[in-house]
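Biologist: Could you walk me through this one? I'd like to hear what stands behind each label.

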Amino acid sequence: GLVNQVVSQLIQAIRSRDGGFGSIQRLGAGSYYEHVKITEPNEFDIMLVMPVARLQLDESDDTGAYYYVTFKRNPKEKYLLKFLDEDGKLSALKMLKALRDIIKQEVKNIKNVEVTVKRKKAGSPAITLLIKNPPAEISVDIILTLKVDQSWPPSTQDGLRIEQWLGRKVRGEFRYQPLYLVAKQNKKEKVLRGNTWRLSFSHIEKAMLNNHGQSKTCCESDGPKCCRKSCLKLLKYLLEQLKVKYTKELEKFCSYHVKTAFFHACVMWPNDTDWHWGDLDHCFQKYLGYFLDCLQKSQLPHFFIPQYNLLSLEDKASSDFLSRQINNQLNNRFPIFQE
């Protein structure tokens with residue numbers, strides 16, 4: 001409730017200003033909105049979405065995930081022209097800075113709750129708000145997102161292979177959804193100019209998690225219950241706790257790795273009978289086994305962009321480290337879950 005109150009107030013303020021963000025809309029993303037949050041709801045991801053008519057996308061590297069964005073001909077969105085860099089590319093950096101400045105001024109006008117903007121983290125696409133909520137603090141990541149009504153780029157052609165799991169029709173419906181791009185720095189670039197955007201599929205991921213069964217009634221109040229989400233929560237929790245213990249060694253890993261492996265597991269075991277609620281232990285071990293296999297091979301393809309490997313060979317050492325820690329947990333019956 002507190003988060004909604006603060007964010008609604010901010011969005012109203014951002015829209016009413018003459019900063020080029022008049023058409024902004026909000027979209028809840030991340031684990032809280034996918035109902036797979038495991039600890040206190042103290043972290044939220046909120047996408048601030050700007051609808052744009054048509055864009056030209058040019059790949060910025062070989063991952064198929066990062067793009068330079070330019071306008072075709074004269075854009076309807078004249079207010080975005082001031083965010084172009086000298087090469088005519090839409091600068092994520094300029095837009096983020098403008099949005100950040102507005103938010104920094106506007107949080108001062110929020111009464112009855114203390115809100116601050118966290119210091120900028122280099123390369124991070126998020127503007128992080130800290131909301132005092134004694135005795136704790138809530139952090140809200142605001143992510144600037146472009147929403148484009150055009151077909152997904154070629155790099156996604158062979159991704160989202162959910163035909164056996166959710167069906168061909170659902171895949172077709174998903175691929176007709178708009179394209180989302182988040183203001184995310186491509187770390188591989190020699191010179192960081194802040195003009196790359198990364199594809200985001202969080203709207204599709206949320207839909208898959210919330211309708212995850214092969215049968216339409218899976219996990220509905222009167223339908224059969226499966227353990228898919230419980231498996232995901234367990235592995236997320238395991239990684240989170242290991243990251244608390246070994247922050248430095250595991251800094252390369254995040255819950256997105258676990259979530260990606262989860263979607264692949266749902267495709268490998270597509271039937272609801274593969275995820276019987278009563279077989280949680282067995283199902284978790286199966287999914288964990290697949291994740292360990294990915295770590296060992298340093299190979300975890302992005303679920304929507306198969307050419308994009310989320311575990312690069314140069315991070316082999318941290319993959320091996322995580323693998324050892326998980327095996328250690330597995331062989332000792334997960335002491336971390338008892339702590």
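Modeller: Let's start with residues 227-327: the chain there is 61% helix and 0% strand, with its end C-alpha atoms 22 Å apart. Helices (H or I, at least four residues) and strands (E, at least two) are DSSP runs, numbered from the N terminus. As for the ground rules, this is a predicted model, where local features need pLDDT of at least 70, side-chain atom pairs count only at pLDDT 80 or more, and totals for chains, interfaces and linings use all residues. Residues are numbered from 1 along each chain as its sequence is written, and side-chain values use heavy atoms, with hydrogens and water left out.

Biologist: What does UniProt list for residues 227-327?

Modeller: An unreviewed UniProt entry gives that stretch as "domain: Mab-21-like HhH/H2TH-like". UniProt positions follow the numbering used here, feature names are shortened, and annotations may be inferred rather than shown by experiment.

Biologist: How do you know whether L160 is buried or exposed?

Modeller: At 1% relative accessibility, L160 counts as buried. L160 is no glycine, yet has a positive phi of about 55 degrees, and its place is in the loop between β7 (136-148) and α3.

Biologist: What about F83: buried or exposed?

Modeller: F83 comes out at 4% relative accessibility, so it counts as buried. F83 is in the loop between β4 (66-71) and α2 (92-106). Its C-alpha is 5.7 Å from that of K94, 11 residues apart in sequence.

Biologist: Which residues have the most contacts inside the largest nonpolar core?

Modeller: Those are M208 and Y287, in a core of 99 residues. Helix α7 (residues 280-297) gives the largest share of this core, 9 residues. Domain 1 (2-201) and domain 2 (214-337) each supply at least three residues to this core. A nonpolar core is a set of buried Ala, Val, Leu, Ile, Met, Phe, Trp, Tyr and Cys residues joined through side-chain atoms within 4.5 Å.

Biologist: Where does the second largest pocket lie, and why?

Modeller: Both domain 1 (2-201) and domain 2 (214-337) give residues to its lining, so the pocket lies between them. Those domain bounds come from an automatic or database domain assignment. A pocket is an open set of points on a 1 Å grid over the protein atoms alone, where a 1.4 Å probe fits, with protein on both sides within 12 Å along at least five of seven lines; lining residues have an atom within 4 Å of a point. This pocket has 24 lining residues, and L209, N210, N211, H212 and G213 lie nearest its centre. Helices α3 (168-175), α4 (202-210) and α5 (228-245) each supply at least two residues of the lining.

Technical notes:
Buried < 20%, exposed > 50% of the residue type's maximum accessible area, 1.4 Å probe, protein only.
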